[in-house]
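Let's take a walk through this structure together. Have a look at it first, and then we'll go through a few places one by one.

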Amino acid sequence: MSKKRILTGDRPTSKLHIGHYAGSLQNRVKLQQEYETFIIIADVQALTTHFEHPEDLEKNVLEVTLDNLAVGIDPEISTFFVQSRIPQIAELTVFYSMFTMVNVLRHNPTIKSEAAQYGYEDLTYGFLGYPVSQAADITFCNADLVPVGEDQLPHIELARKIVRKFNSLYKPVLKEPEAMLSDVPRLVGLDGNAKMSKSLNNAIFLSDPAEEVQAKIMTAVTDPGRITLKDKGNPEICTVYQYHEAFNKPEAGNIANLCRSAGIGCVSCKKCLAASLNQLLSPIREKRAYYEDRPETVKEILFTGTEKAKQVAEGTLQEVREAMSIKYYDK
Ligand code: TRP
């Protein structure tokens, strides 16, 4: 019996941060043995917000691939590929866009919050429609499972709707994907903002050096009601405590008790977090350095994976065109 498939990935707008790790990367690594895994480097989707600087893509495609390799995605068993090199994804996007309503896209909560985050007054066609393109990313390989952070759930829901509509309009050739959330599907930013994000300048990157991780944690907001060491703290509203929960689980319960009884100060609590986060990140940094020294190897991984993805995509597109009765003028 063939393995079920996973498709997931990232927009190469910058290096990846610990929010990506907690939300999706960790699950990818865990599941790659059990599932045939495809990792999309979504460079076309990056253009939805970064269209003014396409010249940055090449470097960021490499960075995001390095981050995935660094956390333990094994290129021997998982397939990395570059979205812009798969024209079938663009073709599928166009077909899906014919029967996807603009209002559904307008009401997509992630589109709305991202538009607010970027300060968009009006939306480009590509930005408003990127969830349609993402449905094509997921379905070109008929993925069963999509490990993602919470913010991506509306997009997976749309992909499911598109699949159902396609299958009922034409022929049932597409598979309905399922989202998979991690235990920490959303990580707050250092400034307490609901989302960690490069563009909000509140992120700890997987590739940050140990001293920088420590320095950034020292700036993280804590319970604002806790002014002196003697004040009892509220871990529930503390950013640092949420990071303990995500990255220092064994000690988190104890830390919460100490905070509530004023038994530990914020500085010690932050130092303790920095130590355990750096322990987690240390082997990740090492693996990244290994691949950074071997750029040709990384490029070869992308080449090989992209070739494989292209073949899978063409197989699906033949079925899609056949289902839609647009197989004419095809030699
Ligand atoms: N939108 C995702 C993000 O911002 C990246 C992405 C693009 C993706 N295509 C995908 C995720 C397909 C899962 C499946 O993180």
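**A tour from a loop to the ligand**

Asn-201 is exposed, at a relative accessible area of 73%; exposed means over 50%, buried means under 20%, and partly exposed is in between, with a 1.4 Å probe and protein chains only. Keep in mind that this is a predicted model, where local features need pLDDT of at least 70, side-chain atom pairs count only at pLDDT 80 or more, and totals for chains, interfaces and linings use all residues. Residues are numbered from 1 along each chain as its sequence is written, and side-chain values use heavy atoms, with hydrogens and water left out.

So where is Asn-201 in the chain? You'll find Asn-201 in the loop between strand 5 (178-180) and helix 10 (210-218); helices (H or I, at least four residues) and strands (E, at least two) are DSSP runs, numbered from the N terminus. Asn-201 isn't a glycine, yet its phi is positive, about 55°. Most residues other than glycine have a negative phi. Ser-325 is another non-glycine with a positive phi, about 60°. Ser-325 sits in the segment after helix 14 (295-323) and is exposed, with a relative accessible area of 55%.

Now hop over to Thr-37, which belongs to strand 2 (residues 36-41). Is Thr-37 buried or exposed? Thr-37 is buried, with a relative accessible area of 1%. From Met-1, Thr-37 is 36 residues away in sequence and 16 Å away in space, C-alpha to C-alpha.

Next stop: the ligand. Around the ligand there are 14 residues, counted as near if one of their heavy atoms lies within 4 Å of it. The closest are Arg-11, Gln-45, Gln-134, Asp-137 and Gln-152. Strand 1 (5-10) and helix 8 (130-139) each bring at least two residues to this shell, and strand 1 gives the most, with four. Sorted by class, the shell holds six nonpolar, five polar and three charged residues.

Which side chains come up to nitrogen atoms of the ligand? Gln-45 has a polar side-chain atom 2.7 Å from a ligand nitrogen, and Gln-134 has one 2.9 Å from a ligand nitrogen. For Asp-137, an N or O atom of the side chain is 2.8 Å from a nitrogen atom of the ligand. On its own, the ligand has 370 Å² of accessible area, and the protein covers 91% of that (Shrake-Rupley method, 1.4 Å probe).

Conventions:
A polar contact is a pair of N or O atoms within 3.5 Å; within protein, one must be able to donate a hydrogen and the other to accept it, and residues adjacent in sequence count only if both atoms are side-chain atoms. Ala, Val, Leu, Ile, Met, Phe, Trp, Tyr, Cys and Pro count as nonpolar, Asp, Glu, Lys and Arg as charged, and the others, Gly among them, as polar.
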